[in-house]
Amino acid sequence: MTKTALNRSAISQRISSILDDIQRLNSALYAMNTTDIQRYPDNYEVLSTDAALRAERIACRLRHLIYASTNVKKNEYLTSAAAMQDIHIQQRNGIVEITLPCLLPKRRQARSTEYLTDPLTAALEQYVKSHVVKRFLHCVVCFAHVYCRDLPDRRIRDYDNLEIKQYLDAVAAWFLMDDGGLLCDAYQTTELGKADCTRMFIMEKSRFPAWLEERGMAPEDAAGI
């Protein structure tokens, strides 16, 4: 017997609960579409944040439903999720660059963290299987928070409000010898671009000043974590 046959009642309850979440997401999106963002920016921010978090909650709940009710392996699914999210990893000139498809969530939003860190971990695992990877000893990890330049600047958040540790931990497991403060420096910077995303750069500490100069930045432009 399959997992579906064994747990039909429980699965139906989960699906019904997810459908309720989808209805609430639809309501939030409808409210966003009818809110005057110029006159009521605070209301729009609350609505858009609620919609985004609900969407991430739905995705996470569907993942767990798949794991519990089918024979699809978690790692196989998350590898597909990483490809769908367009998580991209590359190495150039001794620097590892990881591109995530969205801005990092605020701290204490566990579901949001799971939504992105699980596929990221799967993508990292697949990458090290097919590439020669050097583990950094004395290194710098820089988080570049890229905001869409066509949207209001008030969206730009303080670094203190962003969840960084979960993503640093995920990368450290594959690319760093140790992420302790004596061996690893972590920095953040904010940029404007075509679309929201987060770019992580991992490099030797000796390479960091030149990297800043190449990007037209002074050392004081990058904030330490």
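## Stop 1: the aromatic cluster

Start by selecting Tyr-187, Phe-201, Phe-208 and Trp-211, which ring pairs link into a cluster. Rings of Phe, Tyr and Trp (for Trp, the six-membered ring) pair here if their centres lie within 6.5 Å; planes under 30 degrees apart count as stacked, over 60 as edge-to-face, and the rest as tilted.

Before going on, some ground rules: this is a predicted model, where local features need pLDDT of at least 70 and side-chain atom pairs count only at pLDDT 80 or more, while totals for chains, interfaces and linings use all residues. Residues are numbered from 1 along each chain as its sequence is written, and side-chain values use heavy atoms, with hydrogens and water left out.

A search of the whole structure finds five aromatic pairs. Zoom in on Tyr-187 and Phe-208: the ring centres are 4.9 Å apart and the planes sit at 25°, so this pair is stacked. The pair links distant parts of the chain, with Tyr-187 in strand E4 (residues 184-193) and Phe-208 in helix H7 (residues 208-214), 21 residues apart. Helices (H or I, at least four residues) and strands (E, at least two) are DSSP runs, numbered from the N terminus.

Tyr-187, at 22%, counts as partly exposed. The cut-offs are under 20% relative accessible area for buried, over 50% for exposed, and partly exposed in between (1.4 Å probe, protein chains only).

Now slide along to Trp-211. The rings of Phe-208 and Trp-211 have their centres 5.9 Å apart and their planes at 20°, so that pair is stacked too. Both residues lie in H7, three residues apart, about one turn of the helix. Trp-211 is buried, with a relative accessible area of 4%.

## Stop 2: the nonpolar cores

Next, select Ile-98, Leu-100, Phe-175, Leu-176 and Ile-202. Those are the residues with the most contacts inside the largest nonpolar core, which has 27 residues. A nonpolar core here is a set of buried Ala, Val, Leu, Ile, Met, Phe, Trp, Tyr and Cys residues joined through side-chain atoms within 4.5 Å.

Which elements give two or more residues to this core? Strand E2 (95-100), helix H5, strand E3 (139-148), helix H6 (165-175) and strand E5 (197-204) do. H6 gives the most, with six residues.

Centre the view on Ile-202. Leaving aside neighbours within four places in sequence, its contacts (heavy atoms within 4.5 Å) include Ile-95, Val-96, Ile-98, Val-171, Phe-175 and Leu-176. Apart from this core lies another, of nine residues, among them Ile-95, Ala-144, Met-203 and Phe-208.

## Stop 3: Glu-114

Jump to H5 (residues 110-130), where you'll find Glu-114. Glu-114 is buried, with a relative accessible area of 17%. Show its surroundings: not counting residues up to four places away in sequence, Glu-114 touches Cys-60, Arg-63, His-64 and Pro-119.

## Stop 4: loops to click on

Go to the loop between H6 and E4 and pick Met-177. Met-177 is exposed, with a relative accessible area of 53%. Which residues does Met-177 contact, leaving aside neighbours within four places in sequence? Arg-135, Phe-136 and Leu-137. Draw a distance between the C-alpha atoms of Met-177 and Phe-136: they are separated by 5.8 Å, though the residues are 41 apart along the chain.

Most residues other than glycine have a negative phi. Asp-86, in the loop between helix H4 (74-85) and strand E1 (88-92), has a positive phi of about 65°. Asn-93, in the loop between E1 and E2, has a phi near 50°, again a positive value in a residue other than glycine. Asp-86 is exposed at 55% relative accessible area, and Asn-93 is exposed at 70%.

## Stop 5: zoom out

Finish with the whole protein in cartoon view. How many helices and strands are there? Seven helices and six strands, in the order α-α-α-α-β-β-α-β-α-β-β-α-β along the sequence. The C-alpha atoms fill a box of roughly 60 × 55 × 25 Å, taken along the principal axes. Buried residues make up 36% of the 225 residues.
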